[in-house]
Amino acid sequence: MFDGLKDKLSGFTSDVEEDVDDDALEAEDEPDADEADGEVPADQATDAEPATDAQPSEGDTAESTAETDQPQADPEPPAADSEATAESATASATAVEDVDAVPDEESQPDDAAETEEDAATEAESESDEDDDDGGRGLAAKAKLMATGKTVIEEEDLQSHLDDLELALLSSDVEMSVANEILDGVKENLTGQTRRRLSSTGNLVRDALRESLYDVINVGQFDFDERVQQADKPVTIVFTGVNGVGKTTSIAKLAQYFEDRGLSTVLANGDTYRAGANEQLEKHAENLDKKIITHEQGSDPTAVVYDAVEYAKANDIDVVLGDTAGRLHTSDDLMAQLEKIDRNIDPDMTLFVDEAVAGQDAVNRAREFNDAAEIDGAILTKADADPQGGAAISVAHVTGKPILFLGTGQDYDDLEPFDPEEIVDSLIGE
C-alpha cells in the first residue's frame, strides 16, 4: 500500500543524507584557514609565548644594576656632593631609557599583547555579526567541527526539496498539502547539527515523519469512543459518488460494529439508482441485518427517518444510512444531502471515495464537506493505491480525519486509519 510514495520519500532521505555527509567530509579535509596561511592558532601562540615576568629584559637588568651600584646618600650630604649625585642619577636614567627604547627580540611588549587581544575580540565580534545575519560565521563552523559536529544548511536542502515537491505532486498530493509538508521539513531540518559518524538519514527521516504526521493527523478523534458515548441510536450517514464502494463500506462497518458488540440497522436512502435496494439487501442478508427500504424515487430523508424510528423501538445501537451517489456538481442531489443533514441531524456524516482517485477524491471531499459538513472519510481500494496522495491530502483540505481504509472485498477488510502507522510505513525505520 502506497509503495510508490514510499519509494519517493526514501529517495529524498537518501539523497539529502549523501549530500550533507559529503559536505561534512569535504569540510573535514579542508585545512584550517590559519594553518593554510602559516599562522599559528591563537591558543598555540599563547602557549609558545615566554613568561615576561620570568625573564627580565637587559634594560631591566641595567636599571637594577645601576640602582645597586649607586651609593646611598648620607642623611645630610654636602651641597657639592648632592649636585654630583644628581648629575649621576640623571645620566643613569638616560641610559636606562635608551636601553628600554630597543626591546629584546625574545620579550613581548604589553602593547603588542593588547593588540592581539583586540584583534581576537574583533574577530569574535565579526563572527557574532555573521550569525546575527542568519548565516554561520567561520568561527562558529570551526567550533562545530572542533566538537565533532556538522550543520545542515538550507542550501544543502533546496534542490532536494524541489525534487520532493515533484514527487509529492506526482503522487497526487494536493498542492497546498505538498507545500505544508515542504515547509515543515525545511523548518525541522535547517540549522540542525549532528555528530560526525552519526546518521544524517535519521535526522531527515525524523523531520519528514514529523511533517507528514502533522498533515495527516488533522482532526483525528477516537471513532469507537465517540460511538460508545453517544446517545443511542447513533445515526451515521454515508455520502459520495457512485461506484466508489460506498454501499460495501456500509456493510463492512456493520460487521465492524458487530465485532464490538453493537447492533445495527441498514437504511437504503439511495432511492434514485436502480438496483440499489437489491445491492444493500444482499449485504443485509449476508450479515443477517435488518434493512429499511422505500420504493424507488422516494424521499431519502424519509427512509433514514424510518430507520431511526425502528432503531429506537427495537433497541438498535447504530443506524447506517446510504444515500444516492451524487456528483458534487449536481445541485439537486446535493440539496437532498443538505435536507437529510437538516432533518435527521445525524451523529456523523462520512464521506466515501476511492484512494486510487487521488486528486479527484481530494476535490470531491472538499465539495461534499462544503455541502453537508462531513465528520470523517473512508478511503476504499487503499490496497490498490501505490501513490497515497488522497490519504495524505483529504484530512488536510477538509480539516476532518480519515477514519478507515478499505483494503479488500471481504467484510473484515476495513482497517481503522492510524496516522502514526501510516507515516511509519511510508518513512520506514
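Predicted model: local features only at pLDDT ≥ 70, side-chain atom pairs only at ≥ 80, totals over all residues.
1. Thr-380 is buried, with a relative accessible area of 8%, and the residue belongs to strand β8. Leaving out residues up to four places away in sequence, Thr-380 touches Val-244, Gly-245, Ser-249, Val-352, Asp-353, Glu-354, Ala-355 and Gly-406.

2. Once neighbours within four places in sequence are set aside, Thr-349 is in contact with Val-237, Thr-239, Asp-341, Ala-372, Glu-373, Ile-374, Asp-375 and Gly-376. As for Gly-376, its C-alpha atom is separated by 7.0 Å from that of Thr-349, although the two residues are 27 apart along the chain.

3. These strands are part of an open sheet of 8 strands with mixed pairing, whose order is β5-β4-β6-β3-β7-β8-β9-β10. Its edges are formed by β5 (290-292) and β10 (414-416), each of which pairs on one side only, and the twist from one strand to the next averages 25°.

4. Further along the sheet, β3 (residues 234-239) and β6 (residues 318-323) pair in the parallel sense over 4 bridges, and Val-237 is placed opposite Gly-321 in β6. Strand β6 also runs parallel to β4, with 6 bridges joining the two; here the bridge partner of Thr-264 is Val-318 in β6. On to β5, β4 makes 3 bridges, again with the strands parallel, and Leu-266 has Ile-291 of β5 as its bridge partner.

5. Which residues of β4 point one way, and which the other? Thr-264, Leu-266 and Asn-268 point one way, whereas Val-265, Ala-267 and Gly-269 point the other way, and all are buried. Since 6 of the 6 residues of β4 are therefore buried, this strand is largely enclosed by the rest of the structure.

6. Helix α12 (residues 246-259) touches β3, β4 (264-269), β6, β7 (348-354), β8 (376-380), β9 (402-406) and β10, and its direction makes about 175° with that of β6. Helix α14 (residues 300-313), for its part, lies across β3, β4, β5 and β6, running at about 165° to β4.

7. The largest nonpolar core contains 76 residues, and those with the most contacts inside it are Phe-223, Ile-236, Leu-253, Phe-257, Leu-320 and Ile-392. Apart from residues up to four places away in sequence, Ile-236 touches Phe-223, Phe-257, Val-318, Val-319, Leu-320, Gly-321, Met-348 and Leu-350. There is also a second, separate core of 9 residues, among them Val-303, Ala-307, Ile-316 and Val-319. In soluble globular proteins, nonpolar side chains tend to be buried together.

8. Helix α9 (residues 175-189) has 15 residues and reaches 21 Å from its first C-alpha to its last, close to the 21 Å expected at 1.5 Å a residue. Its buried residues are Val-177, Ala-178, Ile-181, Leu-182, Gly-184, Val-185 and Leu-189. Viewed down the axis of α9, these buried residues fall within an arc of 160°, so they line one face of the helix. An α-helix has 3.6 residues a turn, so residues three or four places apart point the same way.

9. For the protein chain as a whole, 18 helices and 10 strands are found, and 39% of its 429 residues count as buried. Among the contacts between residues at least 6 apart in sequence, 77% join residues at least 24 apart.

How values were computed
Residues numbered from 1 in each chain as written. Heavy atoms only, no water. Expected span 1.5 Å × (residues − 1). Buried < 20%, exposed > 50% of the residue type's maximum accessible area, 1.4 Å probe, protein only. Arc of directions from axis to C-beta. Pairing = 2+ DSSP bridges. Axes fitted to C-alpha atoms, helices over the stretch in contact; angles between N-to-C directions. Contact = heavy atoms within 4.5 Å. Core = buried A, V, L, I, M, F, W, Y, C linked by side-chain atoms within 4.5 Å.
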